[in-house]
Structures are given as structure tokens and as C-alpha cells.
Amino acid sequence: IRLRDEYKPCISCGTPWNSNFQAGHCYKAEKYSNLKFDEKNINGQCKQCNLFKEGAESSYRAGLMQRYGAEHVAYLDAKAEHYKQNHYEWDIFELQELRKYYQEKLKELKNK
């Protein structure tokens, strides 16, 4: 996510990109396991918003709307609601596949 969003401003406050940006989650990974690795849920976020403002949730959502549109936010909301009703746990095979997928994606991004 950090590499994908390099040079994009903070999703929450618009602070210009810097090397301390983090991969912030709209729906927190510790509360929404099914969205933990969902790229639509994770965006570059400044350290101030991610850590000290606990994700700056309302401005994060506004940033998602501005950057990606209402359909993107609706997708995340639907997945989060589904999780509330149907708790999700990752199995080892899924995690291994995700690791392979992201290793390949990282190679692609580095070669651009």
C-alpha cells in the first residue's frame, strides 16, 4: 500500500506524502478481520492521522469518497456489515495465497 500510494496525499487530511506514511485502514483490522488485507480498505495515511487521531475515521471516509467515489465506500460498508453478521476467520491456505499474491504485486510495483 505504501508503494502503491507513494506520492499521494494522506487519505484523511491531505498532508503531502512523506516517507513516514503508513498503511491506514478505514475499517480497523483488529475489528474487521475480513477487511484486514482488502486493498480497497487500506490507503496511505500520515502518521498523525493513523496513530494519534486513531485513523481519523470521518475524514478518512470523506477522502475515500473524494478519491474513489460512493460505490467504493458502499462496497466497504457492505463487507463490514456482512462481517458483523458472519464472523470471518482466515485459514492458513488463504493467508499463504495472499502472501504469494502480494509478493508478486510488490515485484510489479517495484519494476514500474
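Is I92 buried or exposed? I92 counts as exposed, because its relative accessibility is 60% and the cut-off for exposed is over 50%. The model behind this value is predicted. I92 belongs to helix α4, which covers residues 92-110. With F37, F93 and L95, I92 makes a nonpolar surface patch of about 390 Å².

Now the overall fold. The chain contains 4 helices and 2 strands. Read from the N terminus, the order is β-β-α-α-α-α. The C-alpha atoms fill a box of roughly 35 × 35 × 25 Å along the principal axes. The chain exposes about 7600 Å². Carbon and sulfur atoms supply 52% of that area. Take the contacts between residues at least 6 apart in sequence: 64% of them join residues at least 24 apart.

Next, the loop between β1 (22-25) and β2 (42-45). S33 sits there. S33 counts as buried because its relative accessibility is 16%, and buried means under 20%. Leaving out residues up to four places away in sequence, S33 touches Y83, Y88 and W90.

Charge pairing comes next. Side chains of opposite charge can pair when their charged atoms come close. The chain has 7 salt bridges. One of them joins D38 and K79, with the closest N and O atoms 3.0 Å apart. This pair links distant parts of the chain: D38 is in the loop between β1 and β2, K79 is in helix α3 (residues 70-85), and 41 residues separate them. D38 is buried, with a relative accessible area of 10%. K79 is partly exposed, at 25%.

Another salt bridge pairs R61 with D77, and here the closest N and O atoms are 2.9 Å apart. R61 lies in helix α2 (residues 57-68) and D77 in helix α3, so the bridge ties together parts 16 residues apart in sequence. R61 is partly exposed, with a relative accessible area of 26%. D77 also counts as partly exposed, at 27% relative accessibility.

Salt bridges with shared partners also join R4, D5 and K8 into one network. Within it, the side chains of K8 and D5 meet at 3.6 Å, N to O. D5 is buried, with a relative accessible area of 1%. K8 counts as partly exposed, at 31% relative accessibility.

Methods. Residues are numbered from 1 along each chain as its sequence is written. This is a predicted model: local features need pLDDT of at least 70, side-chain atom pairs count only at pLDDT 80 or more; totals for chains, interfaces and linings use all residues. Side-chain values use heavy atoms; hydrogens and water are left out. Buried means under 20% relative accessible area, exposed over 50%, partly exposed in between (1.4 Å probe, protein chains only). Contact means heavy atoms within 4.5 Å. Patches are made of residues with over 30% relative accessible area and no salt bridge: like charges are joined within 9 Å, nonpolar side chains (Val, Leu, Ile, Met, Phe, Trp, Tyr) within 5 Å. Accessible areas come from the Shrake-Rupley method with a 1.4 Å probe; for residues, only the protein chains shown count as cover. A salt bridge is a side-chain nitrogen of Lys or Arg within 4 Å of a carboxyl oxygen of Asp or Glu.
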